[in-house]
Amino acid sequence: MEALFPYLLPYLILTQWFIRLTPNQQQSSSRLQLYLKTYGISALGGFPTGAATIAFLKKSRQISTKEANGLLSICHSPSPLFVIGFVGYDLLNDTMFSWRFLILYHIVSFVILIIFYKTSSNKDFHISSVTSEKIPKPQNPFISSIKDSVPTVLVVGSTLIFFTTIYTVVMHTISTFVPTIHNSLILLTAASLEMTNGLQITSEMFSGESTMLYLLLALFLTTQSLSIHMQVAVLAKNERISLRPYVALRVILALLIPALYYVLFLL
C-alpha cells in the first residue's frame with residue numbers, strides 16, 4: 001500500500017493524458033492505432049490501467065460497447081516492473097523466468113488482439129451517432145486527466161485495503177482453528193485473495209522444485225486474484241462494460257499460458 005499511490009497515480013495521470021491526445025477518428029488505420037496504444041498502456045502500466053483506459057474511451061465515445069467488452073479482456077496484464085522487479089529480483093533472484101513469462105504472455109495477448117481487430121466489425125459504430133449529446137472537449141487535457149485518475153486510484157486503494165484485511169483475518173483464522181491444514185490449501189487461499197501474497201508463499205514452498213515453482217508462478221500471474229478482478233469489475237461497471245469476455249479469456253489464458261511455458265521452457 002505504501003508504494004501504491006506514489007506509483008499508480010502519476011502513471012494513471014500520464015496515460016489518461018496520453019490517450020486524450022489520441023485523435024478521435026473512425027478510419028480503420030486509426031482504430032488499429034487506438035487498439036495498439038491501449039494495449040501498450042495496459043502492458044506497461046499493468047492492471048488496472050488497461051481497464052481505466054478502456055473505461056475512459058468508452059465514456060468519451062471513442063470505442064463502442066462491443067469494442068470495450070473485447071478490449072477489456074485483452075488489455076489486461078501484470079506490470080513488467082512488478083514481474084521483473086518483485087518476482088524476478090525479490091523472489092527468484094533471477095529474471096529469466098520474468099522475461100520468458102512477459103514475452104510469452106504478450107505474444108499470446110497480441111495475437112488475440114489482432115484476431116479481435118480483424119474479426120470485430122465496427123462499421124455500424126459512428127462516434128457522432130452514438131449519442132445526440134455533444135461531449136464537451138476538455139479545455140485542459142492534463143487537468144481533466146488528474147480529475148479522472150484520482151477516483152480510479154481510490155478504487156484500487158480501497159480494494160487492496162479490503163482484501164488485505166480479509167487475507168489477514170482468513171489466514172489468522174485458519175492458523176488458529178485449523179493448524180494442521182495442508183500447505184497447498186493455504187497457498188490457494190492466499191493466491192485467490194491477493195496475488196502478491198500467493199506469489200511469495202509459492203516461492204517459499206517450492207524453492208527446491210523449479211518446475212512446479214515456475215508453473216505456479218505463471219498460473220498465478222495469469223489468473224491474478226479476487227483483489228485485481230474486483231478493481232476491474234468496479235471500473236467496468238461504471239461504464240456498463242460486460243465482464244463475460246474478460247472472465248472467459250482469463251480461464252483460457254490460465255490454461256494456455258502455463259501449458260505453453262511448460263512446453264517451451266521446461267521440457
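Biologist: What does the side chain of serine 60 reach at 3.3 Å?

Modeller: The backbone oxygen of leucine 57. This is a predicted model, and every value here is computed from it.

Biologist: Why is the link between serine 60 and glutamine 62 called a polar contact?

Modeller: The cut-off is 3.5 Å between N or O atoms. The two side chains, of serine 60 and glutamine 62, come to 3.2 Å. That is within the limit, so the term polar contact applies.

Biologist: Where is serine 60 found, and is serine 60 buried or exposed?

Modeller: Serine 60 sits in the loop between helix 3 (49-59) and helix 4 (65-74). Its relative accessible area is 15%. Buried means under 20%, so serine 60 is buried.

Biologist: What makes helix 3 largely enclosed by the rest of the structure?

Modeller: Ten of its eleven residues are buried, so the rest of the structure largely encloses helix 3. Among them are Thr49, Ile54, Phe56 and Lys58.

Biologist: Which residue with a positive phi follows helix 3?

Modeller: Arginine 61, with phi near 65°.

Biologist: How many salt bridges does the structure hold?

Modeller: One. Glutamate 67 forms a salt bridge with arginine 31.

Biologist: Why is the pair of glutamate 67 and arginine 31 called a salt bridge?

Modeller: The closest N and O atoms are 2.8 Å apart. The rule asks for a side-chain nitrogen of Lys or Arg within 4 Å of a carboxyl oxygen of Asp or Glu. Glutamate 67 is in helix 4 and arginine 31 in helix 2, 36 residues apart, so distant parts of the chain are linked.

Biologist: How do you know whether glutamate 67 and arginine 31 are buried or exposed?

Modeller: Glutamate 67 has 2% relative accessibility. Arginine 31 has a relative accessible area of 2%. The limit for buried is under 20%, so glutamate 67 counts as buried, and so does arginine 31.

Biologist: Why is the pair of tyrosine 35 and tyrosine 117 called edge-to-face?

Modeller: The structure holds nine aromatic pairs, and this is one of them. The ring centres lie 5.7 Å apart, and the limit for a pair is 6.5 Å.

Biologist: Which residues have the most contacts inside the largest nonpolar core?

Modeller: Phe97, Phe101 and Leu199, in a core of 58 residues. Helix 6 gives the largest share of this core, nine residues. Ring pairs also link Phe97 and Phe101 into a cluster with Tyr105, Tyr214, Tyr261 and Phe265. Leucine 199 touches residues including Phe82, Phe86, Leu217 and Phe220.

Biologist: How many helices and strands does the protein come to?

Modeller: 13 helices and zero strands. Of the 267 residues, 47% are buried.

Technical notes. Residues are numbered from 1 along each chain as its sequence is written. This is a predicted model: local features need pLDDT of at least 70, side-chain atom pairs count only at pLDDT 80 or more; totals for chains, interfaces and linings use all residues. Side-chain values use heavy atoms; hydrogens and water are left out. Rings of Phe, Tyr and Trp (its six-membered ring) pair if their centres lie within 6.5 Å; planes under 30 degrees apart count as stacked, over 60 as edge-to-face and the rest as tilted. Helices (H or I, at least four residues) and strands (E, at least two) are DSSP runs, numbered from the N terminus. Buried means under 20% relative accessible area, exposed over 50%, partly exposed in between (1.4 Å probe, protein chains only). A polar contact is a pair of N or O atoms within 3.5 Å; within protein, one must be able to donate a hydrogen and the other to accept it, and residues adjacent in sequence count only if both atoms are side-chain atoms. A nonpolar core is a set of buried Ala, Val, Leu, Ile, Met, Phe, Trp, Tyr and Cys residues joined through side-chain atoms within 4.5 Å. Contact means heavy atoms within 4.5 Å. Lists of a residue's contacts leave out its neighbours within four places in sequence.
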